[in-house]
Amino acid sequence: MKWVLLAVAALVVIVGLAALVGAMLPLKHHATRKARYRASPEALYAVIAGPPDWRTGVKSFGVLPEKDGRKQWWEEDSHNQKITFELIEDVPARRVAVRMADPKLPFGGTWTFDIEPVAGGGADLRITEDGEICNVIFRFMARYFFGYTASIEGYLRDLATKFADTARIEA
């Protein structure tokens, strides 16, 4: 019984320390990554602006009614968490900006997709995340375990797979 109490006490201390460190980290973060593809800017845009059925982390998705004239949809991830998104900027073959539209989540922010044509064909895609993590434990985990760019890098890799391409991811 003594070992069980010590294990529980150690767990409480570890979670407490993670919460304390997380509380000292900034609420907001800025992360960006870029990859080059052989696909045209128009082809990249069409996939980014279209259904997310090609992304490995998306289990299902659906369209929602527009809100304030903005396109909205939901995506369900592999952990059965549904997140609502809204389109905040759309410049075909150049830029797409998306915002998490669910204020009840412990995290949120925007993803901006900037597409630049490359001389000789193909395009560069830069994804910029301006996020915030309200939950101090999530903030600690994102900073020290997952990294702020993990989701961006996964998206860029999935996009390369969609185009049967390779993605050399850069800062």
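Reader: Which does Ala 164 count as, buried or exposed?

Author: Buried means under 20% relative accessible area, exposed over 50%, and partly exposed in between, with a 1.4 Å probe and protein chains only. Ala 164 has 62% relative accessibility, so this residue counts as exposed. The model is predicted: local features need pLDDT of at least 70, side-chain atom pairs count only at pLDDT 80 or more, and totals for chains, interfaces and linings use all residues. Residues are numbered from 1 along each chain as its sequence is written, and side-chain values use heavy atoms, with hydrogens and water left out.

Reader: Where is Ala 164 found, and what is its phi?

Author: Most residues other than glycine have a negative phi. Ala 164 has a positive value, near 50°, and is found in the segment after α4 (150–162). Helices (H or I, at least four residues) and strands (E, at least two) are DSSP runs numbered from the N terminus.

Reader: What is the phi of Ala 93, and is this residue buried or exposed?

Author: Phi of Ala 93 is also positive, near 65°. Ala 93 sits in the loop between β4 (82–91) and β5. Its relative accessibility is 14%, so Ala 93 counts as buried.

Reader: Which residues line the second largest pocket?

Author: On a 1 Å grid over the protein atoms alone, a pocket is an open set of points where a 1.4 Å probe fits, with protein on both sides within 12 Å along at least five of seven lines; lining residues have an atom within 4 Å of a point. Here the lining consists of Arg 99, Met 100, Asp 102, Pro 103, Leu 105, Phe 107, Gly 108, Gly 109, Thr 110, Glu 132 and Cys 134. The elements that give two or more of these residues are β5 (95–100) and β6 (107–117). β6 gives the most, with four residues.

Reader: How much space lies in the second largest pocket?

Author: About 160 Å³. That volume is the space filled by probe spheres set on the grid points, which are joined across faces, edges and corners.
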